[in-house]
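Entries follow in the order I looked things up.

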Protein chains: 2
Amino acid sequence: MTTHLAVDVGGTQLRAACYPSDSLTPSKINKVSTQFANSSPLERLVALISSLFPEDDRVSAIGVAAPGPVNPYQGIIYTAPNIPGWENLPLGPYLEETFGVPVLLGNDANLAALGEWRFGAGQGHHHLIYVTVSTGIGTGVIVEDRLLLGVNGLAAELGHVTVMLDGPLCGCGQRGHLEAVASGTAIAHWVEQELAEGIPSTLPGHQKLTAREVAQAAKQGDKLAIAALARAGTFLGHALADFLHAFNPSIIIVGGGVSRSGDLLMKPIHDCLKERVISPHYLDDLILTTSSLRDEAGLLGALALARSLKA
Amino acid sequence: MTTHLAVDVGGTQLRAACYPSDSLTPSKINKVSTQFANSSPLERLVALISSLFPEDDRVSAIGVAAPGPVNPYQGIIYTAPNIPGWENLPLGPYLEETFGVPVLLGNDANLAALGEWRFGAGQGHHHLIYVTVSTGIGTGVIVEDRLLLGVNGLAAELGHVTVMLDGPLCGCGQRGHLEAVASGTAIAHWVEQELAEGIPSTLPGHQKLTAREVAQAAKQGDKLAIAALARAGTFLGHALADFLHAFNPSIIIVGGGVSRSGDLLMKPIHDCLKERVISPHYLDDLILTTSSLRDEAGLLGALALARSLKA
C-alpha cells in the first residue's frame, strides 16, 4: 500500500487530501484559508500537509496544484496571483526538504486537465483541451497522452491568446485576451456596462455583479444575462476554433463555475466552432463537454501527477 | 546500405530525391511540373518517383510532403489547394501499392518543421515552432521531440488562427486569419491598396504586385514597402506571442520567401514578442531565427519522416 497526498493551492483556500493507492476517495481531506492573521500562506500550507501526513510515514509523493505560471521541472512558482510574496518561490524543493518525500508541482489548470484525462471526462482520449472559465480562464492541453508543458513549463496558457486586438484590459496587463472578454469577471463587467447604458434587465444596476448572479438571472430568462453568456460563449468558440486548428484534439472539456450555465454557454461555443473550423474534419471525432470532476479536478490532477512518479 | 526517397509535392512543381543512408546529399534529384497537358498530377508523380527508384531496389521507405490538410496516419490527402481533383486521395496507400515499399505522408509545413528540427536550425531543441511565410502561411510544431499532429493529423495549422476579428478574407474562406494579413499574398495586396489610395512609393500602382517585388523595394529603402513588411511582422509577432503562450518553445524558425527580407520582417516580430508576452520567462531560452534549410526544408523533412520508420 502506498499513499499519495494531493494539494490544491488557491488564493482563497488551501485544500489537501490523502489518497490510499488505487482509490479516488480520500482517507483524509482538509482545507484552510490561504491568508490569515499571524501566519504566512507557506506556514499554513505546511501545517495543512502535516495534519494529513499519515503517522506510519508511507507517503510515496505529494502532488501540488498551484495558481499562476510555475516551472514544474524545478518546482518553482514564478508568481501566484492573489498570494502576496509568492514570487520565484521554490515550493517543490522546500516541501521536499520539509517532508522528506518527492514533491511534484504543476499549474492548477494543467493539473485539472490531467485530472479530467486520467479520472474524468477525458479518459481514453489522447488529445485533449481543458478550459476552466471562472474568475479567470485557465487551460491545460494533453498531447499524445502527455501534459503539454513546453521548455519551461509555461505552455497551454490559452486564456492569454488575443481574440480582440486592442480589446479590454486583461488581468495580465495586456489587452484583448480571451480571459479579458470571456471569463466570469469579464461577463459580469460587460453586464454592468450594459446596465449603465440603460439596457433593461432583472439585474440591478449601479453595483458590482458576479458571474454567478448573471448565470442565475440567465437561467430565469433574463435576456441581458443570456446575451452575456452567449457573448462569452462566442468568444470562447472563436478561440477554441483556433485551438482546434492548433491541437486537433478529440475532446474539449469546459470546466469552472461559468460552465455550470450549461447550454447557455455551451451552445454558442458549439455553434461558433461549427462556423469557424477550416475543415469539417476537425469536428469528425470531437466531443465538446463539461467537466465531470468539477471542483475536484485540481485536487485529482495533483493526485494524478503524484501517482505519475515512477517508484 | 539503405536508401530513402523524399518527395515534395507542390501545386506548381513535384520534386523528388534519393538519399543514401546517413547522407543529406541526394544521389539523384529530379523535378517536373505538377500540371501539364495529357497527364494527371498523380501519373506525373508516379513517373517522377520511378525515374529515381534505384534499380537494385533497396528503398527502405518513401517520405512525401504534401500541401493542404492531410491525414498522416492513413496517408490521405484531404484537399490539396492548387491540385484539382485531389480530394480525399489515399496517396500513401496508392504509392505503397505501386512501389511495394512503406510510404509515409505528411503536411508540407509539418515536415519542413521536422526537417529543420532534425537537420537544420532546430537541431537539439525539444520544443520548436516553424512558420513559413510565402504565398500562404504554413506552420509545424515539435513538442517533446515529436511532431504535433493531433487526433487526425490536422494540428499545427497556425496560419488559420484569427488575429483580426472580421478582418480580410482568408484563402480558407474565413476572415481575419494570420494568413490573410501576413502572408506574401496579403503583403502584396495591402501595398496595392495603399498605392490605390495614393500613398507614394517606387512601386507601380494599378497592377498586380508580388511579395518579392515588395521585398526588393523595401531593401532599396521604399517606405511603403518597408511598412508593409513591418505590418506583416507585427501581425506575425502578435500571433507568435499567442503561440509562445500555447507552446512555450525554445526556438521559433521563420522560413518561406518572405523571411528572406531578414530584419525588415524579423525585427518587428521580435519587438512585438517582447511587448506581448505575459511573462518574460517565455523569452528566457527563446531563439528567434530564420530557416537554415530554406527551399530544402520540405524535401529534407520528407527524408526525416522516411528515416523515422523503424526497420
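Which residue in β13(A) stands opposite A:Ile251? I looked, and A:Ile287 is the residue there. I note at the start that this is a predicted model.

**Entry: the sheet with β13**

I traced the strands around that pair. β12 (residues 251-255) of chain A and β13(A) run parallel, and I count four bridges between them. They belong to an open sheet of five strands in chain A, ordered β11-β10-β9-β12-β13. Its pairing is mixed. I checked the edges next: β11 and β13 (287-290) of chain A each pair on one side only.

Then I turned to the helices on this sheet. I found α7(A) lying across β9 (128-133), β10 (137-143) and β12 of chain A. α7(A) runs at about 155 degrees to β9(A). α8(A) packs on the sheet as well, where I see it touching β12 and β13 of chain A. The direction of α8(A) makes about 160 degrees with that of β13(A).

**Entry: the sheet with β1**

I moved on to another open sheet in chain A. It has five strands in the order β3-β2-β1-β4-β8, again with mixed pairing. I marked β3 (28-33) and β8 (103-107) of chain A as the edge strands, each pairing on one side only. Neighbouring strands of this sheet are turned by 15 degrees against each other on average, direction ignored.

How do β1 and β4 of chain A pair, in the parallel or the antiparallel sense? Strand β1 (residues 3-9) and strand β4 (residues 59-66) of chain A are parallel, with six bridges. I picked out A:Leu5 in this region; A:Ile62 in β4(A) stands opposite.

I looked up two helices here. Helix α10 (residues 297-308) of chain A packs on the sheet and touches β1, β2 (13-20), β3, β4 and β8 of chain A. The direction of α10 makes about 135 degrees with that of β1(A). Helix α2 (residues 91-99) of chain A lies across β4 and β8 of chain A. I read its angle to β8(A) as about 155 degrees.

**Entry: chain A against chain B**

I turned to the interface. There, 44 residues of chain A are in contact with 44 residues of chain B. The two chains bury about 3700 Å² between them, and 52% of that is on carbon and sulfur atoms. I find 30 residue pairs in polar contact across the interface, with both residues at pLDDT 80 or more.

Which elements give two or more residues to the side of chain A that touches chain B? I list β11 (146-147), α7 (223-247), α8 (263-276) and α9 (281-284) of chain A. α7(A) gives the most, with six residues. By class, I read 21 nonpolar, 14 polar and nine charged residues on that side of chain A.

**Entry: salt bridges**

How many salt bridges does the structure hold over all chains? I count ten. Between chain A and chain B there are two.

I looked up both of these by name. In one, the side chains of A:Glu144 and B:Arg146 meet at 2.7 Å, N to O. In the other, A:Arg146 meets B:Glu144, with 2.7 Å from N to O. I followed this pair across the chains: A:Arg146 sits in strand β11 of chain A. B:Glu144 is in the loop between β10 (137-143) and β11 (146-147) of chain B.

Definitions and conventions
Residues numbered from 1 in each chain as written. Chains lettered and ligands numbered in written order. Predicted model: local features only at pLDDT ≥ 70, side-chain atom pairs only at ≥ 80, totals over all residues. Heavy atoms only, no water. Pairing = 2+ DSSP bridges. Axes fitted to C-alpha atoms, helices over the stretch in contact; angles between N-to-C directions. Contact = heavy atoms within 4.5 Å. Buried area = accessible area lost by both parts, 1.4 Å probe. Salt bridge = Lys/Arg side-chain N within 4 Å of Asp/Glu carboxyl O. Polar contact = N/O pair within 3.5 Å; in protein donor to acceptor, adjacent residues only side chain to side chain. Nonpolar A, V, L, I, M, F, W, Y, C, P; charged D, E, K, R; others polar.
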